Amino acid sequence: MTILENDLFIRTLLKQEVERTPVWMMRQAGRYLPEYRQTRSKAGSFMQLCTNPELACEVTLQPLERFSFDAAILFSDILTIPDAMGLGLSFAEGEGPQFAHPIKTAEDVKNLPIPDPEIELRYVMDAVRLIKTNLHGRVPLIGFSGSPWTLATYMVEGKSSKNFQKVKGMLFEQPLCMHTLLAKLAQSVAAYLNAQIAAGADVVMVFDTWGGMLSHDDYLEFSLQYAQQVRQLLNTTRDGQQIPCILFTKGGGLWLESMADSGYDALGLDWQTDIGNARNRVGEKVVLQGNMDPITLYASPEVIRNKVGKVLNSYGHGSGHVFNLGHGILPDINPEHVKAMVDAVHELSPQYHVRS
């Protein structure tokens with residue numbers, strides 16, 4: 001078992017008292033960093049970067065050389081599972097992900113295999129092992145997957161979508177087919193995350209990027225139910241160490257109470273939810289992660305510091321808060337503004353952890 005030099009993030013997720021609020025950032029290994037752009041250019045394409053464990057390790061570690069983040073997050077993509085199922089993932093410049101063989105029929109769903117993470121997704125597991133070795137216990141490593149519903153949206157639409165007409169059409173017209181697809185994806189996601197845990201991930205996170213596109217009842221039935229199935233299938237201990245689990249639903253503020261009952265240790269919040277209000281609603285059930293508006297990082301360092309202070313003050317005193325953005329950082333952000341955010345969390349958060 002690796003002894004972590006900085007276990008602040010883990011202790012917070014386990015609801016232990018801490019001396020300050022931990023901070024990391026969604027998409028922290030990404031295009032806003034010139035060194036990332038250089039490595040991606042060397043790789044030749046985004047997919048070649050994702051599938052090369054050495055390069056994936058390199059970009060995972062890059063932000064830790066610049067900023068005092070309290071966690072590293074595996075560099076990968078949420079669509080690795082559908083690709084491993086044979087749907088043919090590619091990334092067209094400026095157009096985002098596309099699948100050559102989208103799901104159209106119940107027969108397509110029936111024929112989908114459940115990938116073996118150590119075979120079809122071996123490159124991800126090799127990356128996790130390599131990152132874990134190269135971290136030398138500096139900070140915890142976060143592994144992740146897309147949620148079953150979010151993966152299904154891309155698999156049925158065949159690409160990114162604005163109105164989700166095809167996937168919602170399947171949900172409405174063929175609900176049994178959609179449940180079959182989601183159940184298969186829940187098994188696949190759980191197997192994938194369990195393999196990441198076995199390979200060395202200290203925390204796992206489920207990204208439900210498109211859950212917020214659903215109506216109230218449909219979210220509970222088609223998104224949260226399957227995120228909960230994933231959680232029930234996870235092996236959350238390794239070498240006697242508990243592996244915390246985080247669920248993030250973009251646009252999920254309506255369902256916080258239900259999400260808090262789903263078994264996850266922490267909930268990610270987007271910037272449209274007031275974190276203090278969220279804390280009042282869920283009590284001590286879960287840790288909350290978030291949730292500064294990513295656009296704030298275009299502002300001056302003074303404004304950023306002020307906004308960090310407002311998020312910290314809204315959450316209030318005590319442990320149970322992981323500082324993060326309310327979604328991923330945008331690619332043209334000035335890295336110095338990220339430093340301003342991290343420094344502000346370090347400077348301003350200890351006052352909220354003083355024992356009375």
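Is Lys132 buried or exposed, and what is its relative accessible area?

Modeller: Lys132 is buried, with a relative accessible area of 13%; buried means under 20%, exposed over 50% and partly exposed in between, with a 1.4 Å probe and protein chains only. The model is predicted, so local features need pLDDT of at least 70 and side-chain atom pairs pLDDT 80 or more, whereas totals for chains, interfaces and linings use all residues. Residues are numbered from 1 along each chain as its sequence is written, and side-chain values use heavy atoms, without hydrogens or water.

Lys132 belongs to helix 7 (residues 122-135); helices (H or I, at least four residues) and strands (E, at least two) are DSSP runs numbered from the N terminus. Beyond its neighbours within four places in sequence, Lys132 contacts Thr2, Leu141, Gly200 and Asp202, where contact means heavy atoms within 4.5 Å.

One of these partners, Gly200, comes just after helix 10 and takes a positive phi of about 135°. Helix 10 (residues 175-199) has 25 residues and spans 36 Å from first to last C-alpha, close to the 36 Å expected at 1.5 Å a residue; the expected span is 1.5 Å times one less than the number of residues. Of its 25 residues, 18 are buried, so helix 10 is mostly covered.

The largest pocket holds about 1400 Å³, a volume being the space filled by probe spheres set on points joined across faces, edges and corners. Its lining has 42 residues, of which Arg27, Arg31, Phe46, Asp77 and Phe91 lie nearest the centre. Helix 2 (34-43), helix 3 (46-50), strand 2 (89-92) and strand 3 (96-99) are the elements that give two or more residues to this lining.

The second largest pocket holds about 210 Å³. Strand 10 (287-292) and helix 14 (301-315) each supply at least two residues of its lining, and helix 14 gives the largest share, four residues. Among the residues lining this pocket are Trp271, Asp274, Met292 and Lys307.

Terms used:
1 Å grid on protein atoms, 1.4 Å probe; cavity = no way out; pocket = protein on both sides within 12 Å on 5 of 7 lines; lining within 4 Å.
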